[in-house]
Each structure stands twice: as C-alpha cells, then as structure tokens.
Amino acid sequence: MSNREQEYRELFMAEALEYYDAMSRHISELERDPADEQALRELFRLMHNLKSNARAMGYTSIGEAAHQMETVFGQLRDGEATFTGSMVPVLFGGIDTLGELIRAAGAQQEMPDVQRLLDNLDRLTRGEEPNLDDEEADDEEDVSRKLELSDLVYIQVRKLDHLMNLMGELIIDRDRILTLSREIDAPALTAAAAHFSRIADELQYSIMDARLVGVGSLFSKFPRVVRDVATAEGKEVNLTLQGEDIQIDRNILQIITDALLHLVRNAIAHGLETAAEREAAGKPAEGQLTLLAQAERDDVLVQVQDDGRGIDVEKVRRKAVERGLVTRAAAAQLNDAAVRAFLLEPGFSMAKEVTEISGRGVGLDVVKLAIDSLGGQLRVDSVLGEGTTFTLVLPTSIAVKGALLFELDERSYALPLMHTDSVVSLMPGSFSVVGGVLLTRLQDENVPVVSLRELLHLSGDQPLAPARKSTLQGRQDIIIVNYNNRRLGLIVDRFLRQQDIVVKAMSKPLDTIDLFGGVTLLGSGQVCLVLDVPALTRLFLAKRP
C-alpha cells in the first residue's frame, strides 16, 4: 500500500469512527424521544456519508449495511414508519455491526458476516417483522464491548502556525548554540549541541509535515469553475487534473487560490478559442485545460496549461514599446521569454477591451505579487497557435527558507535560494560594456552585472553610473539571480555558505525599505538583512544607464 493510500485509509477510519460515535449518541436520543426530528436527520446524514466514503474506499460490506440503514432512517424521517417495537433492537444492532465492520477494516481483518442484518433491514423496509432469534446473544457481547478512540485528531491551523513560529525561534537558538559550542570547544558542550541540533531538525520537519495538505484539496474546486466560465464564454472545455496528491504548506495553498483562479479564468476566456475558431485552425472543437502539480527538488510546481491560441510575442513586443517599457532598439534584442515577461508588468494588457473576465495580461501583475510574497516565481511559456503554460514555482514552506549567505562591506546578507540561479567567480576579461551596462556571457546568454554595493547606495532619482571595466580589480564574486525570466548578476565581496533561515518581518519604519524582504538572526547573534530579489531587479531596470 502506498503512503497516499495509507493516508486516505487513516482519514476514512478517523471519520468512520466519529460517525459511529455520533450514530450511537443520536440513536439513544431517538429511543428517548422517537419524534426527535433532529436526531433522525443526523442519523440519515451520517449513514449517507458513511455509505459514500466506504464505497469510495472499496469497503462494500460497510457501504451496503450503511445503505440499508439509510433507507430505514429515511422512512422514519418521512413518517412512513415509527421507531418502536422490533425496529429498535434491529437498528441498535445495526449500528453495533457497523462499528465492528469499521474496526475490522482498521485492523485489516476479515469482515464479519452482515447477511442477517441485511435481511432484517430488508424486512423492515418492506414493513415485515424482523428475525430476532439471535439478538439476545448479541446483547451479552455488547455489554463487554471495549471503547475505542481514533488514532487521528483535528487541530486548528492557528495552533500549527503558533507551533511553526516557536519552531522558528528554536532554529535561531539552535544555530546560536552550535556557534557557541565551536567557539568554546568543550567536548561535552559540542556533543550536547549536536544532539540538540538533530532533535531540532527532526522537530522542524515534523511540524512542517503536519502543515502539508494535498494540492487536490484546491484542484477539486475547479471543475465547477471551469464549467461556469466555459458556459459564460460559449466554449467547450475539458479539464484535466494531475498531481493532486502533491503536498504543500496549507498557508501557501490559501495564498495562491485567487491567483490560480485568475489564471484558469483567463485561460478559458482568452487563451482558448471558440469551437468554430478551433475547427478552422484544424484543432478539436473542445479545448484542453490542464491543472498540474509536481515536485521539483525542494519546490512545488503548479501549472495552468491550455492548448489555445498562444501568446503573440511580436504583438507583446510592440505593445511594450508603445507603453514606454523598453526602447524599440532594446526590444528587438530581447528573446521571447524576456518579451513575455512584460505581460507581468503592472497594468500591461493585450486585451482590446476590458471585460468581466479580464484579458490575458490584465491582473497578471497581481498574480505575480502574490507569488513574490511567497518567495516564489511565475513563469510564462507559450507557442503561438499551440497554447500557453503558466508555471507557479512555490516553496513547500514559507516559515523556513533556504538562503545563500554572502558578505558585503564586512556585513552578512542573505539571498533566498528560490531566486538564486548560480554563483560564479570571474576575472575582468570576462566582462564587456554595452550601453553603459556591464555584461558577461553565461550559458549562451548575455547577463547584465552590477555592483550590489552601488545598487544599495542609490538615492532618490539618482541613476546608476555608466559601468567601466577599469573599476574591476581581480576576481569578482557574482551571484546570478533570476526574477521574471530576467537574470541579473550581483557583485559581492565574498560568498559565505548556504543555510536554512527563519525570515522575520522588519519593524516600522524599516518595513518601508523595498530592497529588504526581512531579517534573520545568525548563529553568531548578528542580525542579517534578507534581500528582496524582485525589488533589486526592478531597481536595476529603472536605474540602469
């Protein structure tokens, strides 16, 4: 049995035992007051839910018994029968039998025979008297029955959030203790610190694991959304869901809900063609829309794919020039990925008119901001006439982030690994200057490079000074960051190490400084600023010569 199947079985067992306890309580209330409509409605609902869940899990004995019990309670609810006489012990016995079946399923044992119960329930349904010959022996067994509790508990999300916040503080203290143990160099302290570190790591992963939910809990809401939007647009759309069992932090899933909804609505309204347009283009009349999730190293990728008309890169290029986002000469040099990145600029739209369902591009900057707030990325890939794919690159957790630590002017800084493409050390001969911008050739691409020191010290409307190769002395340590399909090299003094950090929000008035996404505390006790790569990239684009 796979881990996912085991998890589903445990969830079924937890709910089934809750249903059994509730049934036992409500049928006792019904015995005291046979006219209790609330108890009847609850018993009918519980039987219906148990039937559906058991059949979905393949427990046919439980499903059939619950179905027959549901029929009898339906007759009681509708006034077609009364809860008196021989019906009482049969229904009490039926609930007991369901409890035995549920416990047998949980222990993976052979299911008890339920044929006698099914026969009696069938007689009750037809208005006949049941066979009660063996009820007395069952009553003696019921007296010695043991009480059981579910192995699962439900917990409020805010309590998990509080645990994660405490875990963050513990990670900071763990790093501090490890640093002190190395400085003091006492064998007993070093051993205790190492053991504390292992326990803290295990506790961290356990708490993070408790917060994970399946992406399917969000994906399952989209068939109705797709149906409604497709109907409103007069289009035929087939939705495919993939990777529903991929796990991600519940808070991340909550944050991307609106972004994913916007991308799906836009894909239907402006990505997919009408049936007539598709047939004219040699495509099937029904458009294909796919929601896909997959794990990639420490990240989760969520994709919205359509096989529609795609994005016309040349139209986007012309629109970007019209909007003044780039010069005509510079636009001509941009590759397709860089041009499509303009779609994510605030207010950029390819739509000729604004409708209730915005055009491809309208609102994508809002989607991008939501992803940026998580430290994630949004990618756009498209082939004209074949379709478009939006990819959300998300961390599995937002509480603890991987970061690259480096030094600048004898201070430590951190860059989130999500936006870190690579690190390189280059000699001055590897650079060239074009239009006042320092460039280097990496992986067949010209990457602009700027001194992070100069970028951080800009003030007001001051532009970046034109770059000169003569200012480069010796080896240059460079961090290549990637944001919005744009790569940028940041010259720093020295690389330090890669480390998991807990990012804390900056307090007022420092929270108004866009270039920093927060702070963290290092093991040495030093406060370390966490750089905001999207803000740095936007600043470079705005201030470059």
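Author: Gladly, and let us begin with a sheet. Five strands form an open sheet in the order β16-β8-β9-β18-β17, with mixed pairing. Helices (H or I, at least four residues) and strands (E, at least two) are DSSP runs, numbered from the N terminus, and two strands pair if DSSP finds at least two bridges between them. The edges are β16 (494–502) and β17 (516–521); each has a single partner strand, so one side of each is left without a neighbour in the sheet. From one strand to the next, the twist averages 35 degrees.

Reader: Before we go on, what kind of model is this, and how are residues numbered?

Author: This is a predicted model, in which local features need pLDDT of at least 70 and side-chain atom pairs count only at pLDDT 80 or more, while totals for chains, interfaces and linings use all residues. Residues are numbered from 1 along each chain as its sequence is written, and side-chain values use heavy atoms, leaving out hydrogens and water.

Reader: What does the pLDDT average over the protein, and which elements have the lowest and highest means?

Author: pLDDT is the predictor's confidence in each residue, from 0 to 100. The protein averages 83, and 91% of the residues score at least 70.

Reader: What is the strand order in the six-stranded sheet?

Author: This open sheet has the order β10-β14-β15-β13-β12-β11, with mixed pairing. Its edge strands, β10 (420–426) and β11 (431–434), each pair on one side only. Strands β12 (residues 437–442) and β13 (residues 445–451) pair in the antiparallel sense over five bridges, and L438 has V449 in β13 as its bridge partner. Helix α18 (residues 533–543) lies across β12, β13, β14 (476–483) and β15 (486–492), running at about 100 degrees to β14.

Reader: Is I478 buried or exposed?

Author: Buried means under 20% relative accessible area, exposed over 50%, and partly exposed in between (1.4 Å probe, protein chains only). I478 has 0% relative accessibility, so I478 counts as buried. I478 belongs to strand β14, and beyond neighbours within four places in sequence its contacts include V423, V449, G489 and F495. G489 lies in strand β15 and is likewise buried, at 0% relative accessibility. Contacts of G489, again leaving aside neighbours within four places, include V447, V450 and I480.

Reader: How should I read an aromatic pair?

Author: A pair of aromatic rings is described by the distance of the centres and the angle of the planes. Rings of Phe, Tyr and Trp (its six-membered ring) pair if their centres lie within 6.5 Å; planes under 30 degrees apart count as stacked, over 60 as edge-to-face and the rest as tilted. The structure holds two such pairs. F406 and Y413 form a stacked one, at 5.8 Å centre to centre with 20 degrees between the planes, and both residues are buried.

Reader: Which residues other than glycine have a positive phi?

Author: Most residues other than glycine have a negative phi. Among the positive cases here are Q108, with phi near 55 degrees, and D185, near 60 degrees. Q108 lies in the loop between α4 (87–106) and α5 (115–125) and is exposed at 57% relative accessibility. D185 sits in the loop between α7 and α8 (187–210) and is exposed at 61%.

Definitions and conventions:
Contact = heavy atoms within 4.5 Å. Axes fitted to C-alpha atoms, helices over the stretch in contact; angles between N-to-C directions.
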